[in-house]
Amino acid sequence: MKYVATKVLKRLETNKLRGGFKDPQRTLLVPISFGVSSIVLLHVLNQQLSARAEAGRHSGYNLHILFVDESAVLKHAFLPDLLDMLKQRYPSHTYTVVSLEDYCDYDFDFDLPAFADARTNGHGVLDKITRFKRILSSLPSATSRADMIEILRRRLIIAFAQKHACDSILFGDSTTRLAEKTLSETAKGRGISLPWLIADGSPSHGINCTYPLRDLLRKELGAYVSMTLPPLTPLVCEAPSQTPTSSKETTIDGLMTQYFESVEQNYPSIVANVVRTSGKLLAPSILEDIDACTLCGCPIANMSWGGDQLDSAVPRLADGSGSEHGKAICYGCARTV
Amino acid sequence: MPPTPCALCNASRALIIRPKNHQKLCKACFISLFETEIHNTITANSLFSPGERVAIGASGGKDSTVLASVLKTLNERYNYGLKLMLLSIDEGIKGYRDDSLQTVKRNAVQYEMPLEIVGYDELYGWTMDQVVSQIGKKGNCTYCGVFRRQALDRGAARLGIKHVVTGHNADDVAETVMMNLLRGDLPRLARATSIVTASAASEIKRSKPLKYAYEKEIVLYAHHKGLDYFTTECIYSPEAFRGSARTLIKSLERVRPSAILDVVRSGEDMARLVPAEVSGGHRGGKDVIVNEGEAEGDGGCGSANGRASGGEMADMEKQLLENDGARDNETEITVNGHKHDPNCNKSNRMPKKLRKQQMGKCARCGYLSSQDICKACMLLEGLNKNRPKTQIQVSVEEEDSSPTLTRRMEGLTVIPGHQT
Ligand SMILES: [Zn+2]
Ligand SMILES: [Zn+2]
Ligand SMILES: [Zn+2]
């Protein structure tokens with residue numbers, strides 16, 4: 001029990017987010033998905049805040065809880081009861097619900113030619129959900145759709161944090177999840193973005209992102225939720241681990257989840273080692289000036305002959321633009337769209 | 001239903017679904033595309049210079065046979081002006097190498113290339129069969145890797161050649177990227193992705209022209225060109241990490257055909273993000289990693305097919321747990337008088353002092369080495385002394401770790417790592 005809390009709080013401390021009593025009150029955004037990890041994170045933070053309040057101490061930070069409703073793309077609908085339960089149990093925080101398709105309200109709407117017809121149907125501007133679904137259905141594979149949903153979710157959270165002047169975002173990713181991401185982004189050709197996507201305090205999009213659960217395995221968090229009093233189990237609503245019905249539905253992200261399920265079982269330290277290893281990579285901006293990708297916002301590496309000539313018989317030698325579209329996108333996103 | 005026309009020439013009937021992107025192609029277009037891509041790899045990286053003498057590391061397997069065939073074709077088509085030769089290693093593995101060497105001998109005639117064979121027995125006085133009968137199947141890939149690296153260099157030196165090309169393909173590179181993420185070895189990840197590796201430990205440059213070629217396309221090419229190659233894989237056991245990474249790569253390829261190239265791409269990009277203090281070498285210009293340690297090997301015999309016991313993964317797990325314990329107690333591990341930061345990864349655990357050591361010559365065999373006695377001689381000493389099995393076994397999973405090995409030989413307990 002204590003082990004989990006200690007590891008989480010230690011991470012906050014290292015990232016100077018715990019808030020000393022001299023520091024100004026900070027606002028930390030905690031995106032929740034009702035998965036085990038984000039619920040544990042909220043619980044531990046709430047505990048710390050209550051303990052400080054009881055001791056009559058300066059709380060140091062406020063929590064803004066953000067739930068991204070993905071019912072537009074998920075088979076099962078989101079349960080409003082769950083959010084009410086959460087608010088009852090942890091009443092002292094601010095709660096907001098946004099829908100995934102609300103990304104349209106922020107200024108990172110994509111104007112790639114591939115998505116141009118997603119805006120209108122000839123008669124007028126389409127509603128957000130239809131536009132969003134059109135973009136998804138224009139993508140070539142289940143892997144691409146899952147990738148796009150991840151990108152949009154992340155960008156939406158970051159845009160929300162910026163709009164609401166949050167000081168930091170605390171993501172609930174466990175060690176296991178970060179290891180999955182490391183290999184998954186590597187497999188999707190986004191190795192260059194890893195420092196952006198998994199490192200604490202990464203310079204990503206100008207806001208501090210921190211992963212306080214980075215030292216905890218998914219199975220440890222799973223054990224934790226049933227050990228608290230009362231248990232956190234009723235607050236957790238996870239999509240049953242998707243076993244795709246056909247190979248067409250298999251995604252790279254899904255594959256990595258499966259892979260690390262077994263690695264975590266047999267070699268938990270190797271999972272942690274993957275995260276430590278990828279955490280050593282330097283963020284590219286330190287090395288060179290790099291453009292950001294229109295889609296994922298991550299850096300674009302210089303393109304050079306990479307063993308692939310897709311449609312043309314000419315290799316794309318030292319083509320710095322990154323794509324033939326109006327706006328530059330990264331290698332990984334070029335695979336996705 | 002009318003036959004599908006080829007997506008490139010639109011004339012002939014498409015007979016091949018290209019593994020890299022599922023494009024439907026006719027046989028002629030596939031072959032010319034495959035060759036053109038390798039030509040692009042060669043020219044984009046300026047791999048060769050006119051008049052250069054190049055040895056092809058030939059095992060008789062599909063990769064090196066296709067490499068020899070394509071290089072011969074391209075050399076004639078584009079006037080590279082190369083003098084190509086075949087260089088083979090005879091590890092002394094009955095039922096595997098003796099048969100595959102017959103294939104190489106036929107290739108030498110087919111491609112009109114001179115062939116040089118260097119044998120472990122003549123170089124070291126031990127065949128791999130003899131090594132295995134002494135140390136058992138576990139960890140023998142270490143011996144094979146160390147011996148092969150030297151043997152290739154010596155073979156090249158005998159031929160007066162400064163450039164050896166090997167048949168590593170995109171699948172091999174992708175696999176190595178994943179494998180080194182799993183075992184936390186960024187320096188090796190970086191080296192595996194660079195198309196050319198030069199090393200202070202060797203006067204011989206290594207390159208991999210098939211770096212972007214898919215294994216499946218290599219097989220297709222060999223099939224459609226009717227090439228003569230040997231299919232049996234090495235009979236001795238592969239590394240568990242490689243086996244696990246290989247399975248993963250194959251699944252990724254099924255989900256998204258471009259994934260192998262994408263992993264290679266990620267690896268290349270990550271190589272540029274490896275901090276200098278971790279990489280243990282310096283960047284020697286575009287895509288060339290100059291390694292101050294000993295030359296990178298072929299990663300064992302590369303014949304992993306996932307049937308390993310998982311022994312090394314378990315070993316590493318155990319080791320990491322011990323490290324974690326040390327980390328949690330905030331203790332410093334001191335080995336051999338050098339302070340070790342328990343937080344630093346195995347790959348940079350080697351004290352700077354050892355790393356910066358001047359390359360000299362092995363006191364026994366004269367081969368370039370950062371130690372007084374080179375790794376091969378060190379392994380040989382162990383073999384020749386006929387040490388008890390347990391003492392030699394501590395060096396499993398090590399390929400490039402002569403300092404660690406040295407210490408082990410001195411009877412010290414050191415955290416196993418994959419230093420290079
Ligand atoms: Zn992108
Ligand atoms: Zn054709
Ligand atoms: Zn020697």
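A salt bridge is a side-chain nitrogen of Lys or Arg within 4 Å of a carboxyl oxygen of Asp or Glu. In this predicted model, the side chains of Glu70(A) and Arg153(A) meet in such a salt bridge, with 3.5 Å from N to O. By this rule, the count over all chains comes to 36 salt bridges.

- Glu180(A) forms a salt bridge with Arg177(A), in which the closest N and O atoms are 3.1 Å apart; both residues lie in helix α7 (residues 175-187) of chain A, three residues apart, which is about one turn of the helix.
- Within this pair, Glu180(A) is buried, at a relative accessible area of 2%, whereas Arg177(A) is partly exposed, at 22%.
- A network of salt bridges links Asp147(A), Glu185(A), Lys188(A), Arg190(A) and Asp253(A).

**The zinc site of chain A**

- The zinc ion (ligand 1) is coordinated at 2.3 Å by the SG atoms of Cys293(A), Cys296(A), Cys330(A) and Cys333(A).
- The four donor atoms around the zinc ion (ligand 1) subtend angles of 106 to 115 degrees, and the arrangement is therefore tetrahedral.
- Along the chain, the donors of the zinc ion (ligand 1) follow the spacing C-x2-C-x33-C-x2-C.
- Cys293(A) lies in the loop between α11 (268-278) and α12 (331-336) of chain A and Cys333(A) in helix α12 of chain A, so this pair ties together parts that are 40 residues apart in sequence; both Cys293(A) and Cys333(A) are buried.

**The zinc site of chain B**

- The zinc ion (ligand 2) is coordinated at 2.3 Å by the SG atoms of Cys6(B), Cys9(B), Cys26(B) and Cys29(B), and the spacing of these donors along the chain is C-x2-C-x16-C-x2-C.
- The site of the zinc ion (ligand 2) is tetrahedral, with angles of 101 to 115 degrees among its four donor atoms.
- Cys6(B) counts as buried, at 1% relative accessibility, whereas Cys9(B) is partly exposed, with a relative accessible area of 32%.

- α1(B) has 18 residues and reaches 26 Å from its first C-alpha to its last, which is close to the 26 Å expected at 1.5 Å a residue.
- Lys225(B) forms a salt bridge with Glu35(B), the closest N and O atoms being 3.8 Å apart.
- Because Lys225(B) lies in the loop between α9 (215-224) and α10 (240-255) of chain B and Glu35(B) in helix α1 (residues 27-44) of chain B, the pair ties together parts that are 190 residues apart in sequence.
- Glu35(B) counts as buried, at 3% relative accessibility, while Lys225(B) counts as partly exposed, at 35%.
- Just after α1(B), Ser46(B) takes a positive phi of about 40 degrees.

Terms used:
Residues are numbered from 1 along each chain as its sequence is written. Chains are lettered from A and ligands numbered from 1 in the order in which they are written. This is a predicted model: local features need pLDDT of at least 70, side-chain atom pairs count only at pLDDT 80 or more; totals for chains, interfaces and linings use all residues. Side-chain values use heavy atoms; hydrogens and water are left out. Donors are N, O and S atoms within 2.8 Å of the metal (3.2 Å for Na, K and Ca); water is not among the atoms, so sites may look incomplete. Four donors count as tetrahedral if all angles lie between 85 and 135 degrees; four count as square planar and six as octahedral if opposite donors are over 155 degrees apart and all others between 65 and 115; anything else is irregular. Buried means under 20% relative accessible area, exposed over 50%, partly exposed in between (1.4 Å probe, protein chains only). Helices (H or I, at least four residues) and strands (E, at least two) are DSSP runs, numbered from the N terminus. The expected span of a helix is 1.5 Å times one less than its number of residues.
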